[in-house]
Amino acid sequence: MIKIRSKAPLRLGLAGGGTDIESYFRTCGGAVLNATIRKYAHCIVEPRSDDTVVFDAVDMHERFECKAVPRIDSDSGLRLHKGVYNRIVSEYRAGEPLPLTMTTYCDAPAGSGLGSSSTMVVAMIKAYAELLNLPIDDYEMAQLAYDVERNDLALSGGMQDQYAATFGGFNYVEFHSDGTVMVNPLRVKNWVLNELESSIVLYYTGVSRESAKIIDEQIALSEREDRHTIEGMAELKDAAYEMKSCLLRADFDGLAECVDRGWQAKKKTSHYVSSSHIEQLYDLVMMHGGKAAKISGAGGGGFMMIFCDPAKRYGLMEALNGYDGRGRAESVSFYERGAQAWTLY
């Protein structure tokens, strides 16, 4: 019996996050800069001969089993797995059930701010595409992942994570008011990648967050044309463009300034983006050689991305690891490929 394995890379949102929310970019247009890293969402699919569907999210300690049917109720429990299955069976198998065992796990915890949920959806779709030999290109795969989450399952969120996980690498992604998306891959020189990896610290705050709460408030405030939110979103979009320019020019001081401006702008878009714990961490980072810092993803918790002088990185990581016992500091390594899938016979 064959096995399909797939993996899709998680991402760092470098600038512009929040402007990829459809309620915003449909009116004002959006732009983000992101980069994928060597942390992945993993998926394994094994076809079955006993008319059963099994979903096993081993990192979440959740398992679901049922008879193979055309549509599985996705109201609760492993909703992403069920949503992807339902869409694949409906759209690509004309409603014919698909008996299988799907095992998934992720290299980052839920609520990490690294796009883990959307990346897992991409990994699952990539596995199905390999299993069924589906003619899906990268744009179609990213859009399908978005449709499953936002339309089929009505989960709040933006659009950048699906494209980052599918395409991989450093990308400047534009979201146009007519709904079209343009992915602009950036050719970053190898020495610049090395310098970035030497200058960035990832710190898991020890606090998982529910991004939907933040995004729902951003949507509500932007629809009401709240002045602070609209200003913040515009500044985030500008920071993405400026950071792209700094990256291509290898202007590392400019990169740090863009991160800091983006973080200050991000806090204007929702009351839940920051917290007293996050602000204390930010102050600690600045005291130990940090140049700029921001919470990755929607905010509220998860990973903090920190730019620092490479000569001060070790001391900064020591200070963070000794801060409150809840978090951990780690280095980052970029990954230049998108979602991958392969078959074992």
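Arginine 48 is partly exposed, with a relative accessible area of 29%, where partly exposed covers the range between buried, under 20% relative accessible area, and exposed, over 50%, as found with a 1.4 Å probe on protein chains only. Its side chain meets that of aspartate 50 in a salt bridge, with N and O 2.6 Å apart, and aspartate 50 is likewise partly exposed at 39% relative accessibility. A salt bridge here is a side-chain nitrogen of Lys or Arg within 4 Å of a carboxyl oxygen of Asp or Glu.

This is a predicted model, in which local features need pLDDT of at least 70 and side-chain atom pairs count only at pLDDT 80 or more, while totals for chains, interfaces and linings use all residues. Residues are numbered from 1 along each chain as its sequence is written, and side-chain values use heavy atoms, with hydrogens and water left out.

The structure holds 18 salt bridges, and one of them links arginine 26 with glutamate 22, whose closest N and O atoms are 3.0 Å apart. Both residues belong to helix α1 (residues 22-28), where they stand 4 residues apart, about one turn of the helix; helices are DSSP runs of H or I with at least four residues, numbered from the N terminus. Arginine 26 has a relative accessible area of 40% and is partly exposed, as is glutamate 22, at 26%.

Glutamate 149 and arginine 150 also join their side chains in a salt bridge, at 3.5 Å from N to O, and both of these residues are buried. Elsewhere, salt bridges that share partners connect Lys39, Arg328 and Glu330 into one network.

Methods:
Helix = DSSP H or I, 4+ residues; strand = E, 2+ residues; numbered from the N terminus.
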